[in-house]
Amino acid sequence: MARDRVQRSRMIHEVDADLVILGAGLAGLTLAARLARERSGPRVVLLEPRTAYRDDRSWCFWRPEQHDLSHLVSRRWKTWTFSDAAGLTVRHQVPGLAYQYVRGSDFYASAQADIAESPRVELCLGVRAGTVTAVSGGVRVESSAGTLLARQVIDTRPRAAATMLYQSFVGLELERDCPLPFDPGEVTLMGSLASDAEGLGFVYALPLGPNRAIVEWTRFGTAPIDRDRLVLELDQVLTGLGLADAHRVRSEGGVLAMGLGRQAAPPITGVVHAGNAGGALRAASGYGFLRIARWAQLCTERLLAGREAVGHPEEPRLRRTFDRIFLQAVRAHPERTAEYFLALARGVPPAALVRFLSDGARAADYARIISSLPWSPFIAQLAAPTVFSPAPAVPVAADVTAMRSTSTSTSTSTSTSTSTSEP
(Lines give C-alpha, C1' and ligand atoms only; values in the text may rest on other atoms or scores of the structure.)
Protein backbone atom coordinates (compact mmCIF):
# COMPACT_ATOMS: atom_id res chain seq x y z
CA MET A 1 0.00 0.00 0.00
CA ALA A 2 1.39 3.40 -0.94
CA ARG A 3 2.63 5.55 1.89
CA ASP A 4 0.44 8.57 2.59
CA ARG A 5 2.39 11.56 1.26
CA VAL A 6 -0.18 14.17 2.32
CA GLN A 7 1.00 15.66 5.61
CA ARG A 8 -0.26 18.41 7.84
CA SER A 9 2.03 20.90 9.49
CA ARG A 10 5.13 18.69 9.31
CA MET A 11 8.39 20.28 10.45
CA ILE A 12 10.63 21.03 7.48
CA HIS A 13 14.31 21.67 8.05
CA GLU A 14 16.69 21.44 5.08
CA VAL A 15 14.88 19.05 2.78
CA ASP A 16 16.57 18.62 -0.59
CA ALA A 17 13.86 19.01 -3.27
CA ASP A 18 14.24 19.43 -7.00
CA LEU A 19 11.09 21.52 -7.15
CA VAL A 20 9.07 23.37 -4.52
CA ILE A 21 5.58 24.55 -5.46
CA LEU A 22 4.18 27.38 -3.36
CA GLY A 23 0.41 27.04 -3.20
CA ALA A 24 -1.55 23.85 -3.87
CA GLY A 25 -4.63 25.26 -5.55
CA LEU A 26 -5.62 24.48 -9.12
CA ALA A 27 -2.23 25.24 -10.71
CA GLY A 28 -0.06 23.65 -8.03
CA LEU A 29 -2.15 20.49 -7.73
CA THR A 30 -2.52 20.08 -11.49
CA LEU A 31 1.24 20.11 -12.03
CA ALA A 32 2.01 17.96 -8.97
CA ALA A 33 -0.57 15.34 -9.94
CA ARG A 34 0.84 15.11 -13.48
CA LEU A 35 4.35 14.64 -12.13
CA ALA A 36 3.10 12.10 -9.60
CA ARG A 37 1.63 9.94 -12.36
CA GLU A 38 5.03 9.62 -14.06
CA ARG A 39 7.23 6.61 -13.31
CA SER A 40 10.21 8.84 -12.64
CA GLY A 41 10.87 12.51 -12.29
CA PRO A 42 11.91 15.28 -9.90
CA ARG A 43 11.43 15.27 -6.15
CA VAL A 44 8.57 17.71 -5.52
CA VAL A 45 7.26 19.37 -2.37
CA LEU A 46 4.07 21.49 -2.29
CA LEU A 47 3.44 23.98 0.51
CA GLU A 48 -0.20 24.89 1.13
CA PRO A 49 -1.54 27.02 4.02
CA ARG A 50 -5.00 25.44 4.15
CA THR A 51 -5.28 22.38 6.38
CA ALA A 52 -7.98 20.64 4.33
CA TYR A 53 -9.84 20.99 1.05
CA ARG A 54 -13.57 21.61 0.82
CA ASP A 55 -16.10 21.64 -1.98
CA ASP A 56 -15.61 25.35 -2.65
CA ARG A 57 -15.08 25.60 -6.41
CA SER A 58 -16.35 24.64 -9.83
CA TRP A 59 -14.61 24.75 -13.21
CA CYS A 60 -16.15 24.53 -16.68
CA PHE A 61 -14.92 24.34 -20.27
CA TRP A 62 -15.87 23.16 -23.76
CA ARG A 63 -14.49 19.83 -24.96
CA PRO A 64 -15.60 16.80 -26.98
CA GLU A 65 -17.45 14.14 -25.02
CA GLN A 66 -14.27 12.15 -24.35
CA HIS A 67 -10.89 13.68 -23.51
CA ASP A 68 -7.98 13.34 -21.09
CA LEU A 69 -9.90 15.02 -18.24
CA SER A 70 -13.17 13.12 -18.71
CA HIS A 71 -12.73 11.29 -15.41
CA LEU A 72 -13.14 14.60 -13.57
CA VAL A 73 -16.31 15.72 -15.37
CA SER A 74 -19.57 15.24 -13.47
CA ARG A 75 -21.98 17.03 -15.81
CA ARG A 76 -22.19 17.95 -19.51
CA TRP A 77 -24.55 20.18 -21.48
CA LYS A 78 -24.93 20.48 -25.24
CA THR A 79 -26.72 23.87 -25.16
CA TRP A 80 -25.69 27.18 -23.62
CA THR A 81 -27.67 30.42 -23.66
CA PHE A 82 -27.28 34.19 -23.54
CA SER A 83 -30.17 36.50 -22.65
CA ASP A 84 -30.85 40.13 -21.83
CA ALA A 85 -32.91 41.64 -19.02
CA ALA A 86 -35.93 41.87 -21.35
CA GLY A 87 -35.90 38.11 -21.98
CA LEU A 88 -34.36 37.96 -25.47
CA THR A 89 -32.56 34.58 -25.54
CA VAL A 90 -29.89 33.25 -27.90
CA ARG A 91 -29.18 29.49 -27.78
CA HIS A 92 -25.89 27.99 -28.96
CA GLN A 93 -24.79 24.47 -29.77
CA VAL A 94 -21.68 23.11 -31.50
CA PRO A 95 -21.85 19.55 -32.88
CA GLY A 96 -19.34 17.33 -31.08
CA LEU A 97 -18.74 19.79 -28.22
CA ALA A 98 -20.24 19.94 -24.75
CA TYR A 99 -19.94 22.46 -21.94
CA GLN A 100 -18.49 20.42 -19.07
CA TYR A 101 -18.40 20.83 -15.29
CA VAL A 102 -15.69 19.75 -12.85
CA ARG A 103 -16.67 19.88 -9.17
CA GLY A 104 -13.94 21.20 -6.90
CA SER A 105 -14.15 18.30 -4.46
CA ASP A 106 -13.67 15.78 -7.29
CA PHE A 107 -10.61 17.60 -8.60
CA TYR A 108 -9.04 17.87 -5.14
CA ALA A 109 -9.68 14.19 -4.36
CA SER A 110 -8.24 13.02 -7.69
CA ALA A 111 -5.09 15.14 -7.39
CA GLN A 112 -4.48 14.10 -3.78
CA ALA A 113 -4.94 10.43 -4.70
CA ASP A 114 -2.32 10.73 -7.45
CA ILE A 115 0.08 12.45 -5.07
CA ALA A 116 -0.49 9.85 -2.34
CA GLU A 117 0.65 7.12 -4.74
CA SER A 118 3.98 8.78 -5.52
CA PRO A 119 7.10 8.47 -3.35
CA ARG A 120 8.55 11.56 -5.09
CA VAL A 121 5.75 14.11 -4.61
CA GLU A 122 4.74 15.42 -1.20
CA LEU A 123 1.86 17.74 -0.26
CA CYS A 124 2.38 19.61 3.01
CA LEU A 125 -0.89 21.07 4.26
CA GLY A 126 -1.01 23.71 6.99
CA VAL A 127 2.33 25.18 5.90
CA ARG A 128 2.52 28.82 4.81
CA ALA A 129 5.42 29.89 2.58
CA GLY A 130 7.20 33.15 3.34
CA THR A 131 10.35 34.74 1.95
CA VAL A 132 11.91 33.23 -1.18
CA THR A 133 15.59 33.93 -1.86
CA ALA A 134 18.02 32.87 -4.58
CA VAL A 135 21.10 31.18 -3.09
CA SER A 136 24.10 29.44 -4.54
CA GLY A 137 22.87 26.41 -6.44
CA GLY A 138 19.18 26.90 -5.83
CA VAL A 139 16.40 28.69 -3.95
CA ARG A 140 15.75 29.01 -0.23
CA VAL A 141 12.12 29.10 0.96
CA GLU A 142 11.24 30.21 4.46
CA SER A 143 8.00 28.74 5.73
CA SER A 144 5.93 28.42 8.88
CA ALA A 145 7.48 24.97 9.34
CA GLY A 146 11.10 25.95 8.74
CA THR A 147 13.50 26.37 5.81
CA LEU A 148 13.37 24.41 2.60
CA LEU A 149 16.09 24.36 -0.07
CA ALA A 150 15.23 23.52 -3.67
CA ARG A 151 16.75 23.59 -7.12
CA GLN A 152 13.83 25.67 -8.40
CA VAL A 153 10.49 27.07 -7.24
CA ILE A 154 7.09 27.59 -8.86
CA ASP A 155 5.15 30.28 -7.02
CA THR A 156 1.36 30.23 -7.50
CA ARG A 157 0.54 32.61 -4.63
CA PRO A 158 -1.45 35.83 -5.13
CA ARG A 159 0.51 38.93 -6.11
CA ALA A 160 -0.70 42.51 -6.18
CA ALA A 161 -0.88 43.89 -9.72
CA ALA A 162 -2.58 46.64 -11.67
CA THR A 163 -5.56 45.21 -13.56
CA MET A 164 -7.73 46.33 -16.47
CA LEU A 165 -10.99 44.84 -15.13
CA TYR A 166 -12.27 42.68 -12.28
CA GLN A 167 -14.80 39.89 -12.52
CA SER A 168 -16.53 39.59 -9.13
CA PHE A 169 -19.03 36.84 -8.47
CA VAL A 170 -20.84 34.87 -5.80
CA GLY A 171 -22.88 31.70 -6.21
CA LEU A 172 -24.93 29.10 -4.39
CA GLU A 173 -25.62 25.45 -5.03
CA LEU A 174 -29.36 25.07 -4.49
CA GLU A 175 -31.81 22.20 -4.23
CA ARG A 176 -35.50 21.75 -3.49
CA ASP A 177 -38.11 19.01 -3.66
CA CYS A 178 -39.89 20.39 -6.73
CA PRO A 179 -38.19 21.16 -10.08
CA LEU A 180 -36.09 24.31 -10.43
CA PRO A 181 -36.91 26.88 -13.18
CA PHE A 182 -34.09 25.72 -15.47
CA ASP A 183 -33.89 23.36 -18.41
CA PRO A 184 -31.55 20.56 -17.18
CA GLY A 185 -30.19 20.26 -20.72
CA GLU A 186 -28.80 23.78 -21.07
CA VAL A 187 -26.49 26.17 -19.25
CA THR A 188 -27.30 29.82 -18.72
CA LEU A 189 -23.88 31.14 -19.68
CA MET A 190 -24.75 34.83 -19.46
CA GLY A 191 -28.35 35.43 -18.48
CA SER A 192 -30.31 38.63 -17.77
CA LEU A 193 -27.40 40.69 -19.13
CA ALA A 194 -27.63 44.29 -18.00
CA SER A 195 -25.10 47.09 -17.63
CA ASP A 196 -24.90 50.54 -16.11
CA ALA A 197 -22.23 53.10 -15.26
CA GLU A 198 -20.53 50.57 -12.96
CA GLY A 199 -20.33 47.84 -15.57
CA LEU A 200 -21.95 44.53 -16.46
CA GLY A 201 -24.05 42.15 -14.36
CA PHE A 202 -25.40 38.74 -15.37
CA VAL A 203 -26.70 35.40 -14.09
CA TYR A 204 -24.75 32.16 -14.61
CA ALA A 205 -26.64 28.92 -13.93
CA LEU A 206 -25.51 25.30 -14.10
CA PRO A 207 -28.44 22.86 -13.74
CA LEU A 208 -27.09 19.75 -12.00
CA GLY A 209 -30.43 17.96 -12.25
CA PRO A 210 -34.15 18.78 -12.22
CA ASN A 211 -34.03 19.77 -8.54
CA ARG A 212 -30.45 21.02 -8.15
CA ALA A 213 -28.38 23.85 -9.68
CA ILE A 214 -25.52 26.28 -9.14
CA VAL A 215 -26.67 29.88 -9.59
CA GLU A 216 -24.16 32.75 -9.67
CA TRP A 217 -24.38 36.50 -9.90
CA THR A 218 -21.41 38.08 -11.69
CA ARG A 219 -20.24 41.65 -12.25
CA PHE A 220 -17.52 43.10 -14.49
CA GLY A 221 -16.07 46.42 -13.34
CA THR A 222 -12.96 48.51 -12.79
CA ALA A 223 -12.84 47.62 -9.07
CA PRO A 224 -13.64 44.50 -7.04
CA ILE A 225 -17.23 44.40 -5.80
CA ASP A 226 -17.80 43.91 -2.08
CA ARG A 227 -18.94 40.35 -1.37
CA ASP A 228 -21.77 41.45 0.92
CA ARG A 229 -23.20 43.55 -1.90
CA LEU A 230 -22.95 40.63 -4.33
CA VAL A 231 -24.75 38.39 -1.86
CA LEU A 232 -27.61 40.88 -1.55
CA GLU A 233 -27.86 41.14 -5.34
CA LEU A 234 -27.83 37.36 -5.69
CA ASP A 235 -30.65 37.16 -3.14
CA GLN A 236 -32.66 39.51 -5.36
CA VAL A 237 -31.91 37.32 -8.39
CA LEU A 238 -33.07 34.20 -6.53
CA THR A 239 -36.23 35.93 -5.38
CA GLY A 240 -36.97 36.91 -8.97
CA LEU A 241 -36.51 33.26 -10.01
CA GLY A 242 -38.79 32.04 -7.22
CA LEU A 243 -35.87 30.38 -5.44
CA ALA A 244 -35.70 32.39 -2.22
CA ASP A 245 -36.81 29.35 -0.20
CA ALA A 246 -34.54 26.79 -1.91
CA HIS A 247 -32.11 24.87 0.32
CA ARG A 248 -28.60 26.35 0.12
CA VAL A 249 -26.16 23.44 -0.12
CA ARG A 250 -22.91 25.39 -0.37
CA SER A 251 -21.53 28.74 -1.52
CA GLU A 252 -18.84 29.79 -3.92
CA GLY A 253 -17.55 33.10 -5.22
CA GLY A 254 -14.48 35.18 -5.87
CA VAL A 255 -12.76 37.97 -7.73
CA LEU A 256 -10.81 37.40 -10.95
CA ALA A 257 -8.30 39.96 -12.21
CA MET A 258 -8.70 40.29 -16.00
CA GLY A 259 -5.84 41.87 -17.95
CA LEU A 260 -2.90 42.10 -15.55
CA GLY A 261 -0.31 44.87 -15.73
CA ARG A 262 3.39 44.22 -15.56
CA GLN A 263 4.76 43.11 -12.21
CA ALA A 264 6.97 45.67 -10.51
CA ALA A 265 8.89 43.21 -8.33
CA PRO A 266 12.24 42.10 -9.78
CA PRO A 267 12.48 38.43 -10.82
CA ILE A 268 14.22 35.92 -8.56
CA THR A 269 16.63 33.49 -10.15
CA GLY A 270 15.20 29.98 -10.06
CA VAL A 271 11.61 31.13 -9.43
CA VAL A 272 8.75 31.19 -11.95
CA HIS A 273 5.18 32.30 -11.35
CA ALA A 274 2.09 30.35 -12.33
CA GLY A 275 -1.63 30.25 -11.59
CA ASN A 276 -3.92 33.25 -11.79
CA ALA A 277 -1.27 35.73 -10.66
CA GLY A 278 1.15 34.25 -13.19
CA GLY A 279 -1.07 34.88 -16.19
CA ALA A 280 -3.23 31.74 -16.28
CA LEU A 281 -6.52 33.57 -16.84
CA ARG A 282 -7.69 34.66 -20.27
CA ALA A 283 -7.89 38.45 -20.07
CA ALA A 284 -11.14 38.84 -22.02
CA SER A 285 -13.10 36.04 -20.34
CA GLY A 286 -11.52 34.88 -17.07
CA TYR A 287 -11.28 31.25 -18.27
CA GLY A 288 -8.23 29.37 -17.05
CA PHE A 289 -8.80 25.68 -16.25
CA LEU A 290 -7.60 24.23 -19.55
CA ARG A 291 -4.92 26.90 -19.87
CA ILE A 292 -3.50 25.67 -16.57
CA ALA A 293 -3.78 22.05 -17.74
CA ARG A 294 -1.80 22.87 -20.90
CA TRP A 295 0.84 24.74 -18.91
CA ALA A 296 1.17 21.81 -16.50
CA GLN A 297 1.69 19.41 -19.40
CA LEU A 298 4.38 21.67 -20.88
CA CYS A 299 6.08 22.05 -17.51
CA THR A 300 5.98 18.30 -16.88
CA GLU A 301 7.62 17.56 -20.23
CA ARG A 302 10.39 20.07 -19.55
CA LEU A 303 11.04 18.81 -16.02
CA LEU A 304 11.16 15.18 -17.16
CA ALA A 305 13.71 16.22 -19.78
CA GLY A 306 15.88 17.77 -17.06
CA ARG A 307 15.09 21.34 -18.06
CA GLU A 308 13.89 24.26 -15.95
CA ALA A 309 10.24 24.92 -15.15
CA VAL A 310 8.48 27.71 -17.04
CA GLY A 311 5.58 30.04 -16.40
CA HIS A 312 2.53 30.43 -18.60
CA PRO A 313 3.32 31.12 -22.26
CA GLU A 314 2.97 34.68 -23.49
CA GLU A 315 -0.30 35.41 -25.27
CA PRO A 316 -0.05 35.45 -29.07
CA ARG A 317 0.07 39.01 -30.39
CA LEU A 318 -3.34 38.94 -32.14
CA ARG A 319 -5.13 37.56 -29.08
CA ARG A 320 -3.32 39.95 -26.73
CA THR A 321 -4.15 42.95 -28.91
CA PHE A 322 -7.81 42.03 -29.31
CA ASP A 323 -8.28 41.36 -25.59
CA ARG A 324 -6.67 44.70 -24.73
CA ILE A 325 -8.95 46.60 -27.10
CA PHE A 326 -12.04 44.72 -25.87
CA LEU A 327 -11.30 45.38 -22.18
CA GLN A 328 -10.43 49.00 -22.93
CA ALA A 329 -13.79 49.46 -24.68
CA VAL A 330 -15.54 47.98 -21.66
CA ARG A 331 -13.65 50.35 -19.35
CA ALA A 332 -14.46 53.35 -21.55
CA HIS A 333 -18.18 52.56 -21.90
CA PRO A 334 -19.23 50.20 -19.08
CA GLU A 335 -22.89 51.02 -19.72
CA ARG A 336 -22.61 49.34 -23.16
CA THR A 337 -21.04 46.06 -22.01
CA ALA A 338 -24.30 44.06 -22.19
CA GLU A 339 -24.71 45.31 -25.76
CA TYR A 340 -21.23 44.00 -26.65
CA PHE A 341 -21.81 40.49 -25.30
CA LEU A 342 -25.25 40.19 -26.86
CA ALA A 343 -23.79 41.32 -30.17
CA LEU A 344 -21.22 38.52 -29.95
CA ALA A 345 -23.89 35.97 -29.04
CA ARG A 346 -26.16 37.02 -31.91
CA GLY A 347 -23.61 37.80 -34.60
CA VAL A 348 -20.84 35.20 -34.21
CA PRO A 349 -21.38 31.52 -35.14
CA PRO A 350 -21.29 29.35 -31.99
CA ALA A 351 -18.21 27.37 -33.07
CA ALA A 352 -16.25 30.57 -33.74
CA LEU A 353 -17.31 32.09 -30.41
CA VAL A 354 -16.28 28.95 -28.51
CA ARG A 355 -12.91 28.98 -30.27
CA PHE A 356 -12.46 32.61 -29.25
CA LEU A 357 -13.31 31.91 -25.61
CA SER A 358 -11.11 28.81 -25.65
CA ASP A 359 -7.91 30.29 -27.12
CA GLY A 360 -8.44 28.63 -30.50
CA ALA A 361 -9.69 31.57 -32.58
CA ARG A 362 -8.63 31.78 -36.22
CA ALA A 363 -8.18 34.94 -38.26
CA ALA A 364 -11.62 34.42 -39.81
CA ASP A 365 -13.13 34.12 -36.31
CA TYR A 366 -11.68 37.48 -35.29
CA ALA A 367 -13.10 38.98 -38.47
CA ARG A 368 -16.58 37.69 -37.56
CA ILE A 369 -16.22 38.99 -34.01
CA ILE A 370 -15.11 42.44 -35.16
CA SER A 371 -17.92 42.68 -37.71
CA SER A 372 -20.52 41.80 -35.06
CA LEU A 373 -19.50 44.56 -32.64
CA PRO A 374 -20.27 48.30 -32.84
CA TRP A 375 -17.19 49.81 -34.44
CA SER A 376 -16.84 53.27 -32.93
CA PRO A 377 -16.02 52.35 -29.28
CA PHE A 378 -13.46 49.78 -30.41
CA ILE A 379 -11.79 51.91 -33.09
CA ALA A 380 -11.35 54.60 -30.45
CA GLN A 381 -9.21 52.18 -28.42
CA LEU A 382 -6.84 51.12 -31.20
CA ALA A 383 -4.23 53.76 -30.42
CA ALA A 384 -5.38 54.64 -26.90
CA PRO A 385 -2.97 53.90 -24.03
CA THR A 386 -3.85 50.93 -21.85
CA VAL A 387 -5.57 51.98 -18.63
CA PHE A 388 -5.27 49.92 -15.46
CA SER A 389 -6.94 50.04 -12.08
CA PRO A 390 -4.33 50.35 -9.31
CA ALA A 391 -3.31 47.17 -7.52
CA PRO A 392 -5.54 46.55 -4.49
CA ALA A 393 -3.99 46.74 -1.02
CA VAL A 394 -4.57 42.98 -0.65
CA PRO A 395 -3.85 40.75 -3.67
CA VAL A 396 -7.09 39.72 -5.33
CA ALA A 397 -7.84 36.02 -5.35
CA ALA A 398 -10.69 33.63 -5.97
CA ASP A 399 -12.96 33.62 -2.91
CA VAL A 400 -15.06 30.55 -3.30
CA THR A 401 -15.05 29.28 -7.03
CA ALA A 402 -17.39 28.59 -9.82
CA MET A 403 -17.58 28.86 -13.52
CA ARG A 404 -14.91 30.76 -15.01
CA SER A 405 -11.62 29.11 -15.64
CA THR A 406 -15.03 29.88 -18.25
CA SER A 407 -14.06 29.46 -13.90
CA THR A 408 -15.35 29.96 -6.86
CA SER A 409 -14.01 30.03 -3.22
CA THR A 410 -11.91 31.59 -0.25
CA SER A 411 -10.10 34.88 -0.03
CA THR A 412 -6.39 34.32 -0.45
CA SER A 413 -5.69 31.84 -3.22
CA THR A 414 -5.18 32.93 -6.81
CA SER A 415 -4.21 29.55 -8.09
CA THR A 416 -7.76 28.88 -9.27
CA SER A 417 -10.49 30.34 -11.23
CA THR A 418 -14.10 29.78 -11.20
CA SER A 419 -14.74 29.46 -14.73
CA THR A 420 -12.59 28.06 -17.35
CA SER A 421 -13.13 27.11 -20.90
CA GLU A 422 -11.39 25.69 -23.89
CA PRO A 423 -12.11 22.93 -26.34
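Visitor: How many aromatic pairs does a search of the whole structure find?

Guide: The search finds 22 aromatic pairs, a pair being rings of Phe, Tyr or Trp (its six-membered ring) whose centres lie within 6.5 Å. This is a predicted model, in which local features need pLDDT of at least 70 and side-chain atom pairs count only at pLDDT 80 or more, while totals for chains, interfaces and linings use all residues. Residues are numbered from 1 along each chain as its sequence is written, and side-chain values use heavy atoms, with hydrogens and water left out.

Visitor: Why is the pair of Phe 202 and Phe 220 called edge-to-face?

Guide: Planes under 30 degrees apart count as stacked, over 60 as edge-to-face and the rest as tilted; Phe 202 and Phe 220 have 85 degrees between their planes, at 5.8 Å centre to centre, so the pair is edge-to-face.

Visitor: What makes Phe 202 count as buried?

Guide: Buried means under 20% relative accessible area, exposed over 50% and partly exposed in between, with a 1.4 Å probe and protein chains only; Phe 202 has 1%, so it is buried, and Phe 220 is buried because its value is 6%.

Visitor: Why does Trp 375 count as exposed?

Guide: Trp 375 has 55% relative accessibility, which is over 50%, and therefore counts as exposed.

Visitor: How do you know that a polar contact joins the side chains of Glu 186 and Arg 91?

Guide: A polar contact is a pair of N or O atoms within 3.5 Å; within protein, one must be able to donate a hydrogen and the other to accept it, and residues adjacent in sequence count only if both atoms are side-chain atoms. The contact between the side chains of Glu 186 and Arg 91 is 3.1 Å, so it lies within that limit.
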